[in-house]
Amino acid sequence: MLLEIFADTVCPWCYIGKRRLMRALANRPQPGLVIRWRAFQLNPGMPMAGIDRAQYMTAKFGSLERAQRVFDSVARVGRNEGINFYFDQIQRTLNTLRSHRLLQAAAKIGREGVLLDRLYTAYFTEGVDIGDPEKLIAMAEKIGLPAETARAAVEGIPEIDMALAEDFQSRRLGITGVPYFIFNGRFGLSGAQEPEVLYSMFDLAREDDKERVA
């Protein structure tokens, strides 16, 4: 079974969705499951340096008070999944392309899931600027990615920018919100779904596997 997940590194619902997926897999393991994390940028036009968080929240929600109510609600959901969001520590809303490039590099050594967890923790609970190349490289080294490989990734040195390619692919697929799960390249599921919903998708994908073999 192949599970592709489009997600962004500054999306709190993606963090919640990943935690729920891991809970689902702990309760109902899926032998042979292959997970691929795919790049999606919530703000593809964001300047590389990002913008002031308060400025962005005001523009997006109309006021900081309204934004606070929204994120208080997200934080309550997060606590149920063992996530402590500290939105007040986030100073800037970031361009996430560099972090997605780094995840692509981590995928080559099978460590993208670990790195994604570290990125979420750094951004949402520690207020770390995960758009900063040096901070990204330091995080990459801690999960076993050589510094020179990490630097080449965040600087976009590879000839084909797979992170951008995946983001473009998501637009072609009509994906407008994340997390977005695609099972076996055929069955889509939007949102940070509870494990019970994921179980149904696992069963559907397993049946699809059997039909393909038959």
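Where does Gln 41 lie? In this predicted model, Gln 41 sits in the loop between strand 2 (34-39) and strand 3 (51-52). Its relative accessibility is 3%, so Gln 41 counts as buried. Beyond its sequence neighbours up to four places away, Gln 41 touches Asp 8, Asn 95, Thr 96, Leu 97, His 100, Leu 164, Asp 167 and Arg 171.

Arg 171 lies over the face of Phe 40, at 4.3 Å from the ring centre.

Aromatic pairs number 11. Among them is the pair of Tyr 15 and Phe 124, with ring centres 6.1 Å apart. The planes meet at 20°, under the 30 degrees cut-off, so this pair is stacked. The pair links distant parts of the chain. Tyr 15 belongs to helix 1 (residues 12-27) and Phe 124 to helix 5 (residues 112-126), 109 residues apart. Tyr 15 is buried, with a relative accessible area of 4%. Phe 124 is buried at 1% relative accessibility.

Phe 71 and Phe 87 form a tilted pair, 4.5 Å centre to centre, with 50° between the planes. Phe 71 is in helix 3 (residues 64-80), while Phe 87 is in the loop between helix 3 and strand 4 (92-93). The two are 16 residues apart. Both Phe 71 and Phe 87 are buried.

The two pairs belong to one cluster. Ring pairs link Tyr 15, Phe 61, Phe 71, Phe 85, Phe 87, Tyr 120, Tyr 123 and Phe 124.

Conventions
Residues numbered from 1 in each chain as written. Predicted model: local features only at pLDDT ≥ 70, side-chain atom pairs only at ≥ 80, totals over all residues. Heavy atoms only, no water. Helix = DSSP H or I, 4+ residues; strand = E, 2+ residues; numbered from the N terminus. Buried < 20%, exposed > 50% of the residue type's maximum accessible area, 1.4 Å probe, protein only. Contact = heavy atoms within 4.5 Å. Phe/Tyr/Trp six-rings, centres within 6.5 Å; stacked < 30°, edge-to-face > 60°. Lys NZ or Arg CZ within 6 Å of the ring centre and 35° of its normal.
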